[in-house]
Amino acid sequence: MNAPRAASKADPSDIRVINRLLMFDLLFPQNRMSRAELGRQTGLSRVAASEAASDMLDKAILRESGTDEREGRGKRGRLLTIDPDVWRIVSIDLSQPYVMRGALVNLQGHIVHRMELPLEAANTVSLDDVIDTIRELIDRASDHVLGIGISIPGVVTTEGRVMLSANLGWKNLELRDLIEGEFGVHTRVCNDANTALLAERFLGDGSPDSLFIQITSGIGAAVLVDDKIVYGIGHAAGEIGHVVVEPNGPECPCGKRGCLETLISAPVLHAKLINEPDQRQEILTHAGELLGTALSMPTSLLDLSDVAIYGPADIVGETFLSAAEQTVNRLTSSQFHTPTRVRRCEQGDDIVLLGQAVAVMQARVGRL
Ligand SMILES: [Zn+2]
């Protein structure tokens, strides 16, 4: 899962980590394969594949599950699969208004226990609430916690510092260090759009080169190129909500006019749909066209042809999606660029919780 490619330049311990991740990736979430098949598909030698499998069996990341029943084979190989029963990931989603969500997730990407803490107002979550929720989840998981993951609506560094989350009112908060100091457990703090993208990629229909757009109270985006998330120099890749798409559009709290967020965020579109119910088709078509225009540059620049959009079902439907798809393809058509497919992301409300768990697995399964 997202294993670094430059294995030949890595030191031996890195190579072991990469080999384990390559095999975990093939088995995730619920595939079964023999050691020989894993070796073939990863390109690892018999010895390397066998060593990686043994390591992960010893650590209860994998388990044996039946034998290879295909005909025409000599000695039947034991099949390996990911063990869902031992390790748990503590996943926290702070991206939703009025509720903090927490879960224990197993290594097959299933939620085995969940907690919700209603919040008084959209952004009143306190650090103490977060710590208490994590403590309760850790207690439930006994002593097999692989790691803790926290998803934040805002700009987060790869070292887990929250540079800015306007929604939560947090700025320059060393959240990862704080949580690791409290619990002594490996912790990852990620941007919520990035984790949602990981869920779509590894548990849904996403491709290794794709763009993910979320239409919620704001507009978020995440970019996956060659199965790697693009972070950008200031860790703010995907922050497209305040890109101007209509220079004479409505004023935005950021000081500009016509930002994407002032035109197609869920609250803005819901208000328009309530005020002008008979204009539903026109409102959603125009919103889709605006998004399609905004998507034309990144899809061409990176040659991406898979765009998944996550948002309320009454907005992200056929009218909106086809307007966005037609616009982006009209603006970018060339003999070199594969037509872009703009589709609805079918992951449910757990998308961020599950994607955050995937992010922790990526960091941890190779290193146990
Ligand atoms: Zn703005």
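Visitor: Hi! How do β8 and strand β9 pair?
Guide: Hello! This is a predicted model, and in it β8 and strand β9, residues 162-165, pair in the antiparallel sense over two bridges.

Visitor: Which residue in β9 is the bridge partner of V155?
Guide: That partner is L164.

Visitor: And what is the strand order in that open sheet?
Guide: The order is β8-β9-β10, three strands with antiparallel pairing. β8 (155-156) and β10 (170-173) are at the edges with a single partner strand each, so one side of each has no neighbour in the sheet.

Visitor: What holds strands together in a sheet, in general?
Guide: Strands of a sheet pair through backbone hydrogen bonds, in a parallel or an antiparallel way.

Visitor: Parallel or antiparallel: how do β7 and β11 run?
Guide: Those two run parallel, with five bridges joining strand β7 (residues 145-152) to β11. As one example of a bridge, S151 has C190 in β11 as its partner.

Visitor: How many residues of strand β11 are buried?
Guide: Four of its five residues, 187-191, are buried, so strand β11 is largely enclosed by the rest of the structure.

Visitor: New topic! How many aromatic pairs turn up in the whole structure?
Guide: A search of the whole structure gives two. In one of them, the ring centres of F212 and Y310 are 6.5 Å apart and the planes are at 25°, so the pair is stacked.

Visitor: Where do F212 and Y310 lie?
Guide: F212 is in strand β12 and Y310 is in strand β15 (residues 306-310), so this pair ties together parts 98 residues apart in sequence.

Visitor: Is F212 buried or exposed? And what about Y310?
Guide: F212 counts as buried, because its relative accessibility is 0%. Y310 counts as buried too, at 16% relative accessibility, because the cut-off for buried is under 20%.

Visitor: Which domains does the lining draw on?
Guide: At least three residues come from each of domain 2 (88-197 + 350-364) and domain 3 (206-344).

Visitor: And how many lining residues are nonpolar, polar or charged?
Guide: The lining has 17 nonpolar, 14 polar and four charged residues.

Methods
Residues numbered from 1 in each chain as written. Predicted model: local features only at pLDDT ≥ 70, side-chain atom pairs only at ≥ 80, totals over all residues. Heavy atoms only, no water. Nonpolar A, V, L, I, M, F, W, Y, C, P; charged D, E, K, R; others polar. Domains from an automatic or database assignment. Pairing = 2+ DSSP bridges. Phe/Tyr/Trp six-rings, centres within 6.5 Å; stacked < 30°, edge-to-face > 60°. Buried < 20%, exposed > 50% of the residue type's maximum accessible area, 1.4 Å probe, protein only.
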